[in-house]
Amino acid sequence: MKLFKRLTVLAVILSLGVISFSCSDSSTGTNPDDDPQEFNSKAAPGDSARSFLSNNQYTSLEVEIDYMPGHEPTQDGLNSLQTFLEERLNKQSISLTNKTQIPSGEQSSYTIEDIRSLENKHRDNFTKASGNTLHVYFLMVNGEYSDGQGSGENVLGVAYWNTSVAFLGKRMEDISGEPPVNPSEEKIESTVFRHEFGHNMGLVGNGSPMQTDHKTSGSAHCTTDGCLMEPSVRTTDFFSNFSGSVPSLDDLCIDDLQANGGK
Ligand SMILES: [Zn+2]
Ligand SMILES: [Zn+2]
C-alpha cells in the first residue's frame, strides 16, 4: 500500500511536470492575416491575449464546454476557473454555463489533430470581429494525450488555439484520489484549467509582453517557484500545493496581465 501511494504521488508529479512543458501548442490552423474583418479562431494560443484581458471591445466572455460521457467537469473546478477569470479579466460578464455532453470519441488517446477535429465537429459558438462577446471553446475528452510519437500520456491539458483549450479527463481522474494523500479531482481541475487559460491570456511572454524577464528557456512558462505558470513542480512544493491550495500567479505574471489590459 505504501509503495502504491508513493507511485501514485510520483505519477501526479510527473503529470504536472509534463503539463507544464507540453501544454501549449503553438502551431496555427490558418493564417490570421487572411481576412482582417473576421475574428480568427484558429490562431496560436496567446494571440488573443488582449481580447481576453481588456474590455476595449469584448466586454463579455462565454465559455462553451463540451465533455465526453463520464467526464463532466466538476462544478467546484468550474467555479474555481470562474473566480480566476473574474480576478484577472476586465469583463462585465463571464459565463461558463453552456455545458453539453458530446459522444465519446471512442479512443484511448487523442492527438492535437484529433482534438482539433473534435472542435471542428462540435463547436457551436464563434467570436464575431464586430461583436462584444469573446467565445471560448473548452473540451474535455475521455482519454489520454498523445503527441503522436508514443508519449504525452502525462499531459493533463493543452491550449491549442487562441480561444481553445482541451483537458484529458481520463488522466485527471486516474491521478485523483482522497486528499491529503492524493489531490482531489476538483483541485487538479482547478490547477489545470487555470494554467491553460493562463496560456490563452498570453503567459508567459507569449501574447502579453513581459514587464520583467521571467520566461523559462524553450517554453512559455514562468521562472518563479510556486507560480501557477511554472514549468515543473518539485515534489515537496507540489505536495504542499495540493494538500493546501491551488497555485496562484506570482506578481511578475500578474504585472504582465495588467500591462496588457487585464486586472
Ligand atoms: Zn503550460
Ligand atoms: Zn509567474
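Asp250 is buried, and so is Cys253. Here buried means under 20% relative accessible area, exposed means over 50%, and partly exposed lies in between (1.4 Å probe, protein chains only). The model is predicted: local features need pLDDT of at least 70, side-chain atom pairs count only at pLDDT 80 or more, and totals for chains, interfaces and linings use all residues. Residues are numbered from 1 along each chain as its sequence is written, chains are lettered from A and ligands numbered from 1 in the order in which they are written, and side-chain values use heavy atoms, with hydrogens and water left out.

The ideal angle for four tetrahedral donors is 109.5 degrees.

The strands come next. Helices (H or I, at least four residues) and strands (E, at least two) are DSSP runs, numbered from the N terminus. Two strands pair if DSSP finds at least two bridges between them. Strand 4 (133-141) is largely enclosed by the rest of the structure, because nine of its nine residues are buried. Thr133, His135, Tyr137, Leu139 and Val141 point one way from strand 4. Leu134, Val136, Phe138 and Met140 point the other way. In a regular strand the side chains alternate between the two faces of the sheet.

Strand 4 has parallel pairings with strand 1 and with strand 7. Eight bridges link strand 4 to strand 1. In this pairing, Leu61 stands opposite Leu134 of strand 4. Five bridges link strand 4 to strand 7 (residues 164-168). There, Phe138 faces Val165 of strand 7.

Strand 7 is mostly covered, with five of its five residues buried. Ser164, Ala166 and Leu168 point one way from this strand, and Val165 and Phe167 the other way. Strand 6 (residues 157-161) is largely enclosed too, because five of its five residues are buried. Strand 6 and strand 7 run antiparallel and are joined by four bridges. A hairpin connects them through two residues. Trp161 has Ser164 of strand 7 as its bridge partner. Ala159 stands opposite Val165 in strand 7.

The structure also holds two cavities of 30 Å³ or more. A cavity is a set of points on a 1 Å grid over the protein atoms alone, where a 1.4 Å probe fits but cannot get out; lining residues have an atom within 4 Å of a point. Points are joined across faces, edges and corners, and the volume is the space filled by probe spheres set on them. The second largest cavity contains about 30 Å³ of space. Its lining consists of Glu62, Val63, Glu64, Asn98, Asn125, His135 and Val136. Strand 1 (60-67) and strand 4 are the elements that give two or more residues to this lining. The largest share, three residues, comes from strand 1. By class, the lining has two nonpolar, three polar and two charged residues. Ala, Val, Leu, Ile, Met, Phe, Trp, Tyr, Cys and Pro count as nonpolar, Asp, Glu, Lys and Arg as charged, and the others, Gly among them, as polar.

Gly143 sits in the loop between strand 4 and strand 5. This glycine is buried, with a relative accessible area of 1%. Its C-alpha atom is 9.7 Å from that of His71, which is 72 residues away along the chain. Gly152 belongs to the loop between strand 5 (144-145) and strand 6. Gly152 is buried at a relative accessible area of 13%. The C-alpha atoms of Gly152 and Thr111, 41 residues apart along the chain, are separated by 9.0 Å.

Glu106 lies in the loop between strand 2 (93-101) and strand 3 (109-110). Its relative accessibility is 70%, so Glu106 counts as exposed. The phi angle of Glu106 is near 55 degrees, a positive value in a residue other than glycine. A cis peptide bond joins Leu203 and Val204, with omega about -10 degrees. Val204 is in the loop between helix 6 (185-200) and helix 7 (235-243).

Technical notes
1 Å grid on protein atoms, 1.4 Å probe; cavity = no way out; pocket = protein on both sides within 12 Å on 5 of 7 lines; lining within 4 Å.
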